[in-house]
Amino acid sequence: MDSTIKHAIRPGMIASVEILTGEKTVLDYLLKPISKARYEALTER
């Protein structure tokens, strides 16, 4: 099979896309408010 075949993008075509954003997990997002409160506890503003 020739890997140089080009296909035009047309409306209605189905695509699968993966976006790599970093190393954060769902647990990181859930625990962020708790860790932020712990870090800022008993400090002066």
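How far apart are the mean positions of the positive and negative charges of the protein? The 7 positive and 6 negative charges have mean positions 6 Å apart. Lys and Arg count as positive and Asp and Glu as negative, while His and the chain ends are not counted; each charge is placed at NZ of Lys, CZ of Arg, CG of Asp or CD of Glu.

This is a predicted model, in which local features need pLDDT of at least 70 and side-chain atom pairs pLDDT 80 or more, while totals for chains, interfaces and linings use all residues. Residues are numbered from 1 along each chain as its sequence is written, and side-chain values use heavy atoms, without hydrogens and water.

Along the principal axes, the C-alpha atoms fill a box of roughly 65 × 25 × 20 Å. Of the 45 residues, 0% are buried (under 20% relative accessible area with a 1.4 Å probe, protein chains only; exposed is over 50%, partly exposed in between).

The secondary structure comes to one helix and zero strands (DSSP runs of H or I, at least four residues, and of E, at least two, numbered from the N terminus).

After helix 1 comes Leu-42, with a positive phi near 55 degrees. Arg-45 also lies in the segment after helix 1 and counts as exposed because its relative accessibility is 96%. The C-alpha atom of Arg-45 is separated by 53 Å from that of Pro-11, 34 residues away along the chain.
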